[in-house]
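Welcome! Below is a short tour of one structure, starting from a single side chain and widening out to the sheet around it.

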Amino acid sequence: MGVVSNKIDRENLKPGDHIYSWSVAYAYSHHGIYVDEGNVIHFTRGEGQEIGTGIGLDHVIGSSLLQHPLDNPCPICGDQSKSDGVISSCIDCFLSGGDHLYRYEYGVERTVFLAKADGGTCTLVSFSSKLANSPEQVIHRAIYFLRKGFGDHDVMKNNSEDFALCCKTGLQVIPAVSVGQSGQAASFQAAASAGVVLSASLFLARSSPLGSAVTVAGLAAYGTYCAYRYINDIGVRADVKEVVLEEEN
């Protein structure tokens with residue numbers, strides 16, 4: 001389950017890019033909007049804040065925190081270990097805790113989307129290069145949220161990927177749902193649902209004389225995982241709205 005197809009070098013970053021760092025150790029990605037000159041605006045939770053997922057992810061989401069040691073703060077950003085909400089960081093601080101840098105993919109084909117086992121790397125929704133979603137407008141949204149905030153960080157409903165998707169597309173999931181527009185949040189939920197299907201299928205398989213039943217059980221679980229990811233993608237679901245910034249009224 002690697003994420004290698006959209007790896008990007010720093011020198012190839014462009015203003016308005018939706019980028020993310022990927023932590024192999026945590027199997028979790030942290031997202032942001034590249035502004036310019038090595039500056040990234042992203043959404044994080046502060047050290048010591050409760051995540052409260054209730055699904056055993058609290059120890060996994062460590063990559064939402066900046067990892068610079070307190071006795072060796074970044075000479076550019078200072079100590080941001082306790083910072084929370086939308087913050088601006090240098091590219092090194094954004095990458096801290098992650099192993100590589102990637103560009104998020106927009107408008108991928110359905111087959112490509114389903115073939116990617118890892119959530120939080122791409123979406124079916126197309127990114128329009130028109131004025132409403134120009135790099136300048138993407139950065140404008142990011143700076144707006146830097147000033148005004150993006151609500152409380154919630155790994156399942158309102159995380160760094162939700163933030164970057166909103167900045168990039170101007171769209172946001174209506175906030176009354178259990179899962180936001182984040183692909184990796186949908187993947188976590190999908191994996192949980194697939195686990196239930198797999199457990200039930202394996203129970204039936206053990207009582208079946210057919211050896212192929214275990215394979216069928218695995219396929220059923222993976223099918224559930226893919227289907228859940230698909231129906232929760234921002235490019236498919238109907239409960240999305242266009243974000244209107246207050247200053248634009």
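Let's begin with a polar pair: a polar atom in the side chain of Arg103 lies 3.1 Å from the backbone oxygen of Asn12. A polar contact here is a pair of N or O atoms within 3.5 Å; within protein, one must be able to donate a hydrogen and the other to accept it, and residues adjacent in sequence count only if both atoms are side-chain atoms.

Before going further, a word on the ground rules. This is a predicted model, in which local features need pLDDT of at least 70 and side-chain atom pairs count only at pLDDT 80 or more, while totals for chains, interfaces and linings use all residues. Residues are numbered from 1 along each chain as its sequence is written, and side-chain values use heavy atoms, with hydrogens and water left out.

**Around Arg103**

Arg103 belongs to strand 5 (residues 100-103). Helices (H or I, at least four residues) and strands (E, at least two) are DSSP runs, numbered from the N terminus.

Leaving aside neighbours within four places in sequence, Arg103 is in contact with several residues, including Asn6, Ile8, Leu13 and Tyr20; contact means heavy atoms within 4.5 Å. Leu13 is 90 residues away along the chain, yet the C-alpha atoms of Arg103 and Leu13 are separated by 8.4 Å.

**Salt bridges**

How many salt bridges does a search of the whole structure find? There are four, where a salt bridge is a side-chain nitrogen of Lys or Arg within 4 Å of a carboxyl oxygen of Asp or Glu. Among them are these:

| Pair | Closest N and O atoms |
|---|---|
| Asp92 and Arg10 | 2.6 Å |
| Arg103 and Asp17 | 3.1 Å |
| Glu105 and Lys116 | 3.1 Å |

Arg103 lies in strand 5 and Asp17 in the segment before strand 1, so this pair ties together parts that are 86 residues apart in sequence. Asp17 is buried, at 8% relative accessible area. In the pair of Asp92 and Arg10, Asp92 is partly exposed at 42%, and Arg10 is partly exposed at 40%. For the remaining table row, Glu105 is partly exposed at 24%, whereas Lys116 counts as buried at 16%.

**The sheet and its helices**

Five strands form an open sheet in the order 4-3-2-1-5, with antiparallel pairing; two strands pair if DSSP finds at least two bridges between them. Strand 4 (85-90) and strand 5 are the edge strands, each pairing on one side only. From one strand to the next, the twist averages 35°. Axes are lines fitted to C-alpha atoms, for helices over the stretch in contact, and angles run from 0 to 180 degrees between N-to-C directions.

Strand 2 and strand 3 run antiparallel and are joined by four bridges. Ile33 stands opposite Ile41 in strand 3. Helix 3 packs on the sheet, touching strand 2, strand 3 and strand 4, and its direction makes about 115° with that of strand 4. Helix 4 (residues 160-169) lies across strand 1, strand 2, strand 3 and strand 4, at about 35° to strand 2.

The loop between strand 2 (28-36) and strand 3 (39-44) holds Glu37. Although not a glycine, Glu37 has a positive phi of about 50°. Glu37 is exposed, with a relative accessible area of 79%.

Notes:
Buried < 20%, exposed > 50% of the residue type's maximum accessible area, 1.4 Å probe, protein only.
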